Amino acid sequence: MVNAGDMNGSGNLMDFLDEPFPDVGTYEDFHTIDWLREKSRDTDRHRKITSRSKESIWEFIKSLLDAWSGWVVMLKIGLLAGTLAGVIDLAVDWMTDLKEGVCLSAFWYSHEQCCWTSNETTFEDRVKCPQWQKWSELLVNQSEGASAYILNYFLYIMWALCFAFLAVSLVRVFAPYACGSGIPEIKTILSGFIIRGYLGKWTLLIKTVTLVLVVSSGLSLGKEGPLVHVACCCGNFFSSLFSKYSKNEGKRREVLSAAAAAGVSVAFGAPIGGVLFSLEEVSYYFPLKTLWRSFFAALVAAFTLRSINPFGNSRLVLFYVEYHTPWYMAELFPFILLGVFGGLWGTLFIRCNIAWCRRRKTTRLGKYPVLEVIVVTAITAIIAYPNPYTRRSTSELISELFNDCGALESSQLCDYINDPNMTRPVDDIPDRPAGPGVYTAMWQLALALIFKIIITIFTFGMKIPSGLFIPSMAVGAMAGRMVGIGVEQVAYHHHDWIIFRNWCRPGADCVTPGLYAMVGAAACLGGVTRMTVSLVVIMFELTGGLEYIVPLMAAAVTSKWVADAFGKEGIYEAHIHLNGYPFLDVKDEFTHRTLATDVMRPRRGEPALSVLTQDSMTVEDVETLIKETDYNGFPVVVSKDSERLIGFAQRRELILAIKNARQRQDGVVSNSIVHFTEDPPELPPNSPHPLKLRRILNLSPFTVTDHTPMETVVDIFRKLGLRQCLVTRSGRLLGIITKKDVLRHMAQMANQDPESIMFN
């Protein structure tokens with residue numbers, strides 16, 4: 001990289017570029033940043049601040065403010081992300097209940113909040129109070145009977161359609177980038193790709209509002225993935241207020257990595273899990289300094305959400321649980337089976353969802369996003385309402401499935417036949433035979449499981465905000481709870497079997513079905529996303545118990561192994577490839593024995609490489625070359641005969657430099673000589689002023705020889721975040737390899753369409 005201090009001009013008009021001019025160093029939309037240049041620029045900036053801090057007290061104070069600006073940004077991100085998450089949780093709670101009824105004493109209260117203040121509730125019917133009325137009670141004064149059921153059913157569907165239509169319309173009109181999960185695009189942006197507007201203020205506003213609407217509509221999606229997008233929008237907004245981050249795309253991405261951690265922190269109430277999620281799943285460049293700041297941002301976000309207390313239970317999430325029974329070694333077998341189920345579900349979901357999304361892209365279906373959302377919402381609402389486990393919000397469903405059956409539970413899942421002589425404490429209720437409510441719940445859960453598996457495939461990827469964490473967890477939790485109840489009943493009725501004899505004596509509380517639901521949820525989420533470490537930590541923070549880490553680890557690792565046996569891609573990587581984002585995944589392995597000469601451009605039979613010479617081209621020649629090509633930059637050589645490499649000039653900076661020279665320097669005309677050397681070339685008398693562009697020349701472009709193995713080249717591109725590297729032999733320029741050339745070659749070696757990586 002070229003440092004400003006290395007440019008010693010002669011002080012005349014032609015050296016005006018030794019002073020910075022607007023927009024130099026910026027990038028165009030849908031282009032990749034140059035990580036090495038951004039790092040070099042930040043090092044130069046820091047060196048200048050350090051040297052100036054010794055000149056005066058004011059400069060010293062400015063250097064302290066610069067050092068603390070990163071922590072200030074993290075504080076603001078945590079406060080705003082936590083506040084938005086709390087508001088979203090409260091609004092979703094109210095609007096979800098609005099589909100079924102309204103609170104007469106205060107219409108802005110959800111069902112639960114409405115009955116908190118009532119003195120007329122009983123323990124058995126603590127969700128029933130006169131202040132809360134279903135729509136049938138309010139409109140026709142009937143709470144029971146066919147007409148009341150049909151009216152409630154109809155209004156449930158109408159509210160769902162209204163919410164979904166409003167959401168998709170807002171996204172379509174005001175912020176098209178607010179759709180989807182956002183995590184595939186965040187991963188791509190953090191790898192260095194520029195998508196202007198994706199983290200903008202309009203996207204933040206519309207995604208926050210529409211996220212409330214779509215989750216309240218009852219669609220099979222969650223808010224956890226989009227909350228990462230929302231937090232990154234907050235990070236982008238606050239980083240734009242500080243020149244340290246707004247003028248350096250590499251530093252901005254450090255802020256966005258920390259913001260992603262804050263997003264997961266408020267989504268799951270898991271600050272440590274959020275940091276690990278950012279490190280394991282989304283970040284491309286994650287230095288130690290970013291780790292500390294991510295932890296701080298996640299901590300502030302979690303503290304802010306805890307202060308808002310959206311669920312009224314002093315917890316950060318709705319489905320926080322605590323278990324009182326240890327697990328036993330014999331239970332590892334069903335836990336591993338749940339891991340196998342999670343891996344198979346992940347594989348099925350990814351293949352079916354990607355096939356459906358590809359069909360949406362390549363057929364007329366993609367031209368009618370509003371109609372698609374309305375149809376899927378209508379089908380979801382019509383099928384969901386009759387089943388109590390699909391009618392309620394998915395977070396409430398997971399909460400009920402995770403819960404242990406204590407003496408205070410009134411759920412159907414806890415309808416066991418009690419021993420009238422039981423005198424055990426509340427937290428140590430022994431295993432009991434299942435009652436009719438449990439058997440009813442089992443077949444309802446089985447139907448709900450099939451419905452969730454199918455409808456989620458068609459829901460994820462529509463033109464609305466849609467997260468995948470909660471639906472995946474719901475699928476696993478339903479399967480896990482059913483397995484847990486099955487193991488519990490087998491253990492109760494056959495406690496004399498050899499596997500139960502040592503740990504499940506009569507009258508003991510040995511099997512916790514809620515634990516199986518939690519393990520199943522982790523397995524399915526792991527199968528879809530291929531997370532391991534961060535997933536286990538998130539689930540551990542949800543339960544607050546170290547004791548259950550081994551079952552969670554067993555299920556997460558098994559689900560990853562099973563899913564990886566069918567394909568290495570998680571759902572986010574699959575969507576990145578579907579959309580053609582230029583993303584080099586560090587997890588991908590390249591084992592083919594090809595060389596740089598096999599991949600570089602130009603190939604045999606192709607036109608020669610477009611280059612600039614160091615001191616023999618005119619302004620008109622350079623402008624013609626820029627106009628006739630669409631390359632992002634040009635190698636600079638001594639001459640077209642020798643082709644000895646001097647450096648590399650970016651297209652955008654050439655355009656800006658020539659434009660500014662014409663405006664600010666007299667004597668620059670079309671036939672002025674452009675030179676990249678320190679001293680101007682020998683020119684005949686009366687020649688127009690030459691234009692010196694050495695300032696924008698990268699004198700140390702990354703180069704490889706033509707016999708460098710592509711395995712090494714791929715590693716260099718991954719670890720240094722290169723946009724391109726030049727191929728030379730004995731200092732002579734042979735060709736160029738860009739990031740897209742690498743991606744095309746990797747696709748070709750994997751027997752895929754090389755053009756599938758092109759952004760669309």
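In the predicted model, Val73, Met74, Ile77, Ala81, Gly82 and Ala85 of helix H2 meet Val255, Ala258, Ala259, Ala262 and Val266 of helix H10, contact being defined as heavy atoms within 4.5 Å. By class, this contact comprises ten nonpolar, one polar and no charged residues, where Ala, Val, Leu, Ile, Met, Phe, Trp, Tyr, Cys and Pro count as nonpolar, Asp, Glu, Lys and Arg as charged, and the others, Gly among them, as polar. H2 (residues 57–98) and H10 (residues 249–268) pack at an angle of about 30°, with their axes 10 Å apart; axes are lines fitted to C-alpha atoms, for helices over the stretch in contact, and angles run from 0 to 180 degrees between N-to-C directions. Helices (H or I, at least four residues) and strands (E, at least two) are DSSP runs, numbered from the N terminus.

Three strands form an open sheet of mixed pairing in the order S10-S11-S12, two strands being paired if DSSP finds at least two bridges between them. Strands S10 (703–705) and S12 (732–738) stand at the edges with a single partner strand each, so one side of each is left without a neighbour in the sheet. Strand S11 (residues 724–729) pairs with S12 in the antiparallel sense over six bridges, and Arg732 in S12 is the bridge partner of Arg729. Helix H27 (residues 710–720) packs on the sheet, touching S10, S11 and S12, and its direction makes about 65° with that of S12.

Residues are numbered from 1 along each chain as its sequence is written, and side-chain values use heavy atoms, with hydrogens and water left out. As the model is predicted, local features need pLDDT of at least 70 and side-chain atom pairs count only at pLDDT 80 or more, whereas totals for chains, interfaces and linings use all residues.
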